[in-house]
2 protein chains.
Amino acid sequence: MRSIDKFNTAVNSGKHICVGLDPDIEKIPDHLKNSDDPVFLFNKSIIDTTREETAAYKLNFAFYEATGIEGLSSLKKTIEYIGNDIFIIGDAKRGDIGSTSAMYAKSVFDYFKCDSVTLHPYMGYDSVQPFLVYKEKLNFVLTLTSNKSADNFETLTLSTNEKLYQKVIGKVNEWNEKFNNCGIVFGATQLTQLQENINLIKDLPVLLPGVGAQGGSLEDVVSLFNKHNFTNYLINVSRSIIYASNGIDFAEKASQELKKLNTEIALLSSAK
Amino acid sequence: MRSIDKFNTAVNSGKHICVGLDPDIEKIPDHLKNSDDPVFLFNKSIIDTTREETAAYKLNFAFYEATGIEGLSSLKKTIEYIGNDIFIIGDAKRGDIGSTSAMYAKSVFDYFKCDSVTLHPYMGYDSVQPFLVYKEKLNFVLTLTSNKSADNFETLTLSTNEKLYQKVIGKVNEWNEKFNNCGIVFGATQLTQLQENINLIKDLPVLLPGVGAQGGSLEDVVSLFNKHNFTNYLINVSRSIIYASNGIDFAEKASQELKKLNTEIALLSSAK
């Protein structure tokens with residue numbers, strides 16, 4: 001299945017929760033720690049219990065890179081284990097000058113075989129274009145992020161009276177006209193701005209981190225999208241799913257937590 | 001030696017050229033390609049002939065990540081081979097929310113043992129802070145980059161009449177007051193802007209890519225810095241050094257090219 005088709009299949013069937021596989025070796029259950037590859041074993045167990053219910057998996061590369069080659073080996077094994085049927089986001093937040101970005105694209109798409117990537121907009125079009133030429137992939141560009149310091153630069157007002165992140169959304173729409181494989185990252189903690197910019201976003205796929213540990217509300221985000229009949233979105237949830245328990249039942253509890261969130265979305269959608 | 005001391009030792013002794021070890025397997029000499037680790041062998045040969053004359057080595061992670069675990073193993077071996085006496089820049093252009101940036105910092109500083117890193121400013125202070133807390137390291141934040149699309153966002157005018165990249169330079173100065181281990185990346189192709197902002201940059205260490213293949217002029221950049229008695233800078237040169245020859249004499253030619261650039265800088269400095 002093409003990467004973009006996997007995304008569409010998920011969201012069109014009402015699946016919007018993306019499980020963030022961001023394993024921190026210090027937080028995974030003790031009984032896994034003596035195995036050969038605790039991180040992979042942790043991920044594998046969670047994939048086994050969540051595969052049917054998740055819209056996608058998002059793997060933040062930082063959590064794997066932290067332990068170097070060992071971690072990247074766990075990353076590769078995890079992606080192979082997920083297989084070809086579920087949308088995989090390589091949350092790598094890359095961006096460099098063109099010829100170098102092409103190397104990053106090779107890494108995320110050809111080597112790690114992700115369906116999708118997250119990208120920094122700062123350096124502009126030619127830093128993003130080497131990813132866009134992978135026509136069947138989906139490229140999520142950072143716009144307004146979920147962290148507090150988003151107000152350092154992202155929300156600055158330009159001389160045109162736009163905010164910087166709004167200018168970025170506009171550019172992503174331009175790039176999408178040409179390549180038809182762009183999306184945006186928008187923090188779930190930024191609800192007012194999401195509401196204000198829903199028309200500017202048009203039909204761009206939206207990836208929303210920030211629900212749960214970072215303070216974003218699932219109900220608020222889903223209600224907003226429902227109100228606008230906007231279905232092209234994934235909400236990433238990591239910690240509250242993967243660390244739902246740190247006992248031997250962690251994978252079962254992860255699945256229960258995911259089902260709970262899916263039920264909440266279904267109820268909100270049926271009530272609209 | 002502390003990372004920052006390595007930087008200072010280099011620039012204070014008049015060394016300003018940083019060799020960019022960005023090996024592309026398709027461009028390295030044929031006679032290396034049958035070895036176990038052609039990329040490491042290529043780097044090792046160049047390090048052997050340039051070690052005495054270089055100010056620093058910059059390793060762009062993209063070139064290693066492109067081949068996955070194999071490439072990252074070459075990266076790690078290369079950094080170990082350079083050893084502890086020469087300033088090493090991990091050109092990884094990272095940036096994520098705080099807890100995740102901490103994982104990237106762990107990767108670049110603790111695992112790969114770089115002295116320094118390059119960072120995206122887009123997400124603001126809390127995305128950079130986990131790197132800054134490594135007090136003895138040096139953190140180069142992207143400001144005005146050397147690529148054409150720098151005009152998409154970096155040079156946008158804010159409502160305060162500043163350009164975005166100028167606002168970034170201002171923030172980096174603020175962060176530097178607290179941590180004293182910040183620098184900036186400024187494209188060597190952006191000479192007019194470098195001239196205009198030399199006072200804004202204050203004493204921040206400056207890393208300049210873009211000389212050579214990208215069109216920046218060594219003479220222009222060095223003359224400008226000399227005029228302002230500014231010595232806190234590294235000019236990265238990659239392709240014209242590491243691919244000075246693709247025969248068996250590649251390492252010797254790389255060394256000759258580096259010496260030629262060093263002589264040019266010395267002449268410009270003595271003539272000022």
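Q: Is the crossing of α2(A) and α13(A) left-handed or right-handed?
A: In this predicted model, the crossing of α2(A) and α13(A) is right-handed.

Q: What else describes two packed helices?
A: Two packed helices are described by the distance between their axes and by the angle between those axes. Here, helix α2 (residues 38–50) of chain A and helix α13 (residues 250–270) of chain A have axes that come within 8 Å and cross at roughly 45°. Angles under 35 degrees count as roughly parallel, and 65 to 115 as roughly perpendicular; α2(A) is therefore oblique to α13(A).

Q: Which residues make the contact of α2(A) with α13(A)?
A: From α2(A) come A:Ser45, A:Ile46, A:Asp48, A:Thr49 and A:Thr50. From α13(A) come A:Ala251, A:Glu252, A:Ala254, A:Ser255 and A:Leu258. The residues of this contact comprise four nonpolar, four polar and two charged.

Q: How many strands close into a barrel in chain A, and in what order?
A: Eight strands close into the barrel, in the order β1-β2-β3-β4-β5-β6-β7-β8 (chain A), with parallel pairing. From one strand to the next, the twist averages 30°.

Q: Which strands of the sheet does helix α1 of chain A touch?
A: Helix α1 (residues 3–12) packs on the sheet and touches β2 (56–60), β3 (87–94), β4 (116–119), β5 (138–144) and β8 (233–237) of chain A. The direction of α1 makes about 115° with that of β3(A).

Q: Over how many bridges do β6 and β7 of chain A pair?
A: Strand β6 (residues 182–186) and strand β7 (residues 206–208) of chain A pair over two bridges, in the parallel sense. A:Val185 stands opposite A:Leu207 in β7(A).

How values were computed:
Residues numbered from 1 in each chain as written. Chains lettered and ligands numbered in written order. Predicted model: local features only at pLDDT ≥ 70, side-chain atom pairs only at ≥ 80, totals over all residues. Pairing = 2+ DSSP bridges. Helix = DSSP H or I, 4+ residues; strand = E, 2+ residues; numbered from the N terminus. Axes fitted to C-alpha atoms, helices over the stretch in contact; angles between N-to-C directions. Contact = placed C-beta atoms within 7 Å. Parallel < 35°, antiparallel > 145°, perpendicular 65-115°, else oblique. Left-handed = near helix turned anticlockwise from the far one by under 90°. Nonpolar A, V, L, I, M, F, W, Y, C, P; charged D, E, K, R; others polar.
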